[in-house]
Amino acid sequence: MSLVNFTAREITCKIVYYGPGRSGKTTNLQYIFGRVPDTRRGRMVSLATQGDRTLFFDFLPIDLGSISGFQTKFQLYTVPGQSYYNATRKLVLQGADGIVFVADSQARRFDDNLESLQNLQENLLSQGVDVRTMPIAFQYNKQDLPGELVLQPSELDESLNFRGVPSFGADALHGSGVFETLKGISELVLRKLAAGGIAE
Amino acid sequence: MSVLQGAHRFEALVVGTSNRTAITAGRAVANAPGAAYNPLLIYARPGMGKTHLLGAIAHQVFAMNPAARIEFITLDEFVEGFHVALSTGDSDRFRARFGDADLLLVDDIQFLTRQREMQTELLRVLDVMLAGQKQVVLTSDRAPSEIESLDDRLLTRFAGGLVLDIAQPDYETRVAILQRKAEERGASFPDGVLEAVASLDIESVRELVGALNRLMAFQAVSEVPIDAAQARVLIGGLQSAAETEELVVEQAEPMEFAAAGQAAMVHAGDARRVLADALPGVMLGQSDMLGGGPVDELASHPHDDDDASHHDFGLAGEPHEYRDTHEFSEPRDAGGDADSLGDELAEKPALQADRDEFGDFLSDLAATLARQVDPWRARVGEAILRWEGEGFRTYRLERLLDDPEPPDPESVMVQYEADAEQLLELRAEAESLAPEMAGAAQLTDPGNMAAAEAYMQRVREGAVPPAAPVEHWLLDDLIEGPGNRMAVRAAQAAIAEPGNKYNPIVIVGGSGVGKTHLLHGIGNALALASDGHVACLSAHDFTQELIEAIDRDAVTAWRNRYRRCSALLLDDVHLIAGKEKTQEELFLLFNLFLETNRQLGFASAVPLAELSGVEPRLLTRLEGGLVVELPPPDRELRQQLVERTLAGRGQEADAELVTYIASRPAESARAVQGYVQRVLHSADSQQARANVTLAREVLEGAPRVVRKSSVPGRTVSVAVSSSGGVKSREKTVWSWPTLSERVIEEWK
């Protein structure tokens with residue numbers, strides 16, 4: 001996809017929220033949706049199951065307007081976390097410029113996080129994408145839960161974030177850490193862009 | 001009269017796209033008051049540097065002309081002064097005060113609103129000053145058209161000059177301002193702190209400086225350097241509650257509240273109190289961060305922890321996701337204290353909304369984008385600041401910033417910087433060759449390198465030193481006799497104290513008496529004694545060079561060649577007669593050399609008193625030095641000359657021959673040398689030894705005894721009278737130029 005078009009002065013970033021089921025990916029998008037002025041956001045598309053679980057994916061286009069002379073658009077996607085929707089995840093991952101890995105901070109979900117992370121790497125590899133070059137940020141969601149239930153960001157960093165990419169503690173339901181995460185991944189994407197990652 | 005602050009100078013202004021035009025106009029006005037943009041009116045919101053700019057103009061005008069009368073007042077002072085004058089019946093004096101000023105600077109004219117009387121008075125002052133081509137600069141916090149009930153005539157006057165605004169500084173300028181101010185205050189911050197502050201929505205420079213002061217004050221009481229997140233909390237109050245918590249994590253007690261968001265708000269309140277305690281007198285930014293609610297009230301609000309599991313989608317119960325994804329609906333949960341939770345949730349969006357997270361995100365993103373995607377814009381801004389500081393024109397770079405879509409900004413910038421670097425080198429070269437030429441406008445425009453090169457070519461041509469004295473004409477080789485002793489001794493004295501003893505030294509004498517030798521001898525001795533270049537050439541060559549320089553429009557360079565010399569010696573100076581431009585240039589050089597105690601020397605074949613066609617101002621200066629005459633060589637000198645010439649030809653000095661030749665009358669040393677040469681040539685051609693007989697024969701045509709020819713039938717008798725007449729049957733072609741080739745033809 002066209003990441004930056006200098007001729008048209010357009011930047012379009014596709015950011016995918018990845019992670020295990022029920023980790024709060026859709027909640028991230030919904031919080032963002034609620035904070036973006038009506039004039040700046042497109043229609044949020046969400047295909048959910050009857051049980052309100054993401055069946056296919058969420059899609060939220062945001063027009064950030066002109067920033068430094070660039071018409072900037074973000075396209076935020078989530079993938080279905082459930083393991084049996086891997087084909088959809090692969091599809092959504094295609095052409096991603098950056099990935100937010102939303103981990104569930106609960107200790108009992110640790111294995112799910114690990115499994116999803118491995119799945120992410122496999123899917124990227126299957127698309128010929130070197131995970132080392134893909135901008136990724138971690139979000140450790142549900143940090144507002146009682147301390148005895150959740151792992152601290154430092155512990156999760158140690159276990160999941162072995163590449164030392166930016167990570168953020170979050171409470172997506174109430175918004176804490178949501179925009180910080182979005183900003184973090186945006187910076188990574190834009191930095192890669194400046195380093196020569198300008199796609200046609 | 002307003003107090004002019006010493007710091008309000010152009011150098012202290014950070015130039016960005018928002019204020020560049022205003023500052024450029026300010027500089028133009030300061031450099032030529034009354035000549036450009038009169039009146040100049042600058043309007044901007046408070047805190048954008050209007051008063052600074054006025055002060056900078058005042059400083060600049062004063063620096064250039066300390067005698068200039070500068071009136072720097074606010075409109076309030078103008079009004080007050082007028083009222084006092086009216087009350088004392090001294091309004092004429094009040095008006096005269098401004099009538100006499102060379103520069104009038106009036107700050108804050110927006111207060112003219114509805115003051116018809118003062119508007120009329122200001123109009124009158126304006127008219128007087130404009131008529132006298134005296135500069136007027138005014139400032140306002142709004143466009144003149146927005147000043148309520150402003151007299152149309154004033155608007156017309158303003159429109160007749162130049163009206164400019166200073167816009168809100170852009171991100172790059174804000175960073176530059178913060179960096180400059182931090183540097184001025186000797187403060188340093190970790191990377192990203194100033195950038196974080198610059199990315200906040202701070203509209204005026206004054207607020208920006210205030211923000212910096214806050215950072216410094218905080219850092220002064222903090223044990224660890226402030227980081228970007230803390231800076232944002234401190235300055236903008238825009239930090240998230242969680243980050244605020246980090247700010248005071250060591251001071252705050254662990255919170256027990258289950259509702260983390262609310263707890264965080266309490267932390268935010270605590271953070272403010274901690275900061276306020278630590279920094280009495282430091283304003284801590286927006287109190288509306290707390291949603292307008294009292295901190296204590298929030299802090300004391302109990303929270304149920306029933307919603308502790310509201311994120312736990314893994315537990316049984318309804319998932320906490322939004323059902324209607326097209327509308328923002330509050331999360332709900334069946335469990336727990338519904339009312340309490342409802343209150344809490346009803347409160348939170350309001351609190352969060354106040355923070356305008358999306359706006360913050362956009363602001364941060366813009367800063368990131370400026371750094372990452374269009375980093376050249378920041379670099380161009382920095383480059384403009386740098387090269388303007390070097391005195392270079394930067395319109396090439398400014399065009400880049402103006403163009404939303406320049407095709408290849410990087411290469412333009414690289415080329416500009418390469419050109420500017422080259423100009424710096426050229427300027428340094430010019431500085432070494434001709435310091436007064438190094439500041440030329442041609443060397444300040446990287447956009448016109450061709451002009452710079454052409455200019456440097458002229459500088460370099462000017463750098464080629466003028467002709468030096470001929471090396472083999474040394475003073476020591478000059479034979480000193482009674483006749484030339486005075487001149488030689490004077491020359492030696494002048495050499496001993498160049499520029500001080502005899503300056504100028506003027507040698508007057510006929511052709512061939514040794515003026516040129518003496519002049520070059522002086523030149524060589526001076527060159528030996530000093531590091532500088534000694535110019536020694538004929539006045540003819542001097543004039544020819546000048547003509548060529550005029551032809552090439554390179555007179556300045558030509559002039560500079562001579563100005564750099566340590567001594568100037570002109571032979572045949574009488575040849576400048578009637579050459580006005582040569583005399584003018586020589587006059588200028590003359591004065592320069594005299595003022596700087598550099599030696600001047602001249603040789604003239606015409607006595608100064610007999611010189612016509614030379615300007616009196618030059619003639620009197622020539623006569624003002626030492627004028628010495630070189631008479632024709634006396635007998636003693638001639639004798640030494642003959643001996644030296646013979647010795648130079650490897651001839652043993654025949655005393656009789658020497659005496660004979662030296663006794664011959666001669667007007668010049670050159671003539672004496674000619675005698676010797678003729679005798680020696682004749683001897684050579686006859687394969688005979690030079691002696692007095694031969695000399696007589698050659699020089700006087702005296703009869704000589706000729707051996708009879710061994711060849712029969714050939715008449716070889718020669719009869720040459722002492723007067724040179726041919727009396728034999730042979731004749732000599734005396735007019736043949738070379739003695740040895742003169743044909744002796746048998747007379748038939």
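Colleague: What is the handedness of the crossing where α5(B) passes α6(B)?

Modeller: Start with the general idea. Two packed helices are described by the angle between their axes and the distance between the axes. A crossing is left-handed if the near helix is turned anticlockwise from the far one by less than a right angle, and right-handed if clockwise. Here α5(B) passes α6(B) in a left-handed crossing. Helix α5 (residues 116-131) of chain B and helix α6 (residues 152-160) of chain B have axes that come within 9 Å and cross at roughly 35°. Axes are lines fitted to C-alpha atoms, for helices over the stretch in contact, with angles from 0 to 180 degrees between N-to-C directions. Helices are DSSP runs of H or I, at least four residues; strands are runs of E, at least two; both are numbered from the N terminus.

Colleague: Which residues make the contact between α5(B) and α6(B)?

Modeller: Contact means C-beta atoms, placed from the backbone, within 7 Å. From α5(B) come Gln119(B), Leu122(B), Leu123(B) and Leu126(B); α6(B) supplies Arg153(B), Leu154(B) and Arg157(B). They divide into four nonpolar, one polar and two charged. Ala, Val, Leu, Ile, Met, Phe, Trp, Tyr, Cys and Pro count as nonpolar, Asp, Glu, Lys and Arg as charged, and the others, Gly among them, as polar.

Colleague: What should I know about the model and its numbering?

Modeller: This is a predicted model: local features need pLDDT of at least 70, side-chain atom pairs count only at pLDDT 80 or more, and totals for chains, interfaces and linings use all residues. Residues are numbered from 1 along each chain as its sequence is written, while chains are lettered from A and ligands numbered from 1 in the order in which they are written.

Colleague: Now sheets. What is the strand order in the open sheet of five strands in chain B?

Modeller: Strands of a sheet pair through backbone hydrogen bonds, either parallel or antiparallel. Two strands count as paired if DSSP finds at least two bridges between them. In chain B the order is β2-β3-β4-β1-β5, with parallel pairing. The edge strands, β2 (70-74) and β5 (162-165) of chain B, each pair on one side only. Neighbouring strands of this sheet are turned by 15° against each other on average, direction ignored. Helix α2 (residues 50-64) of chain B packs on the sheet, touching β1, β2, β3 (103-107) and β4 (135-140) of chain B. Its direction makes about 165° with that of β3(B).

Colleague: How many bridges join β1 of chain B to β5(B)?

Modeller: Four, and the two strands run parallel. Ile42(B) has Leu164(B) as its bridge partner in β5(B).

Colleague: Over in chain A, which strands pair with β2(A)?

Modeller: Strand β5 (residues 70-78) of chain A pairs with β2(A) in the parallel sense over eight bridges. Glu10(A) stands opposite Gln71(A) there. Strand β6 (residues 98-104) of chain A, also parallel, is joined to β2(A) by four bridges. Tyr17(A) has Val100(A) as its bridge partner in β6(A).

Colleague: Why does Ile15(A) count as buried?

Modeller: Buried means 20 or more other C-beta atoms within 10 Å of the residue's own; 12 or fewer is exposed, and in between is partly exposed. Ile15(A) counts as buried because it has 24 C-beta neighbours inside 10 Å. Ile15(A) lies in β2 (residues 10-18) of chain A, where seven of nine residues are buried. Beyond four places in sequence, Ile15(A) touches residues including Phe74(A), Leu76(A) and Val100(A).

Technical notes
Two residues are in contact if their C-beta atoms, placed from the backbone, lie within 7 Å.
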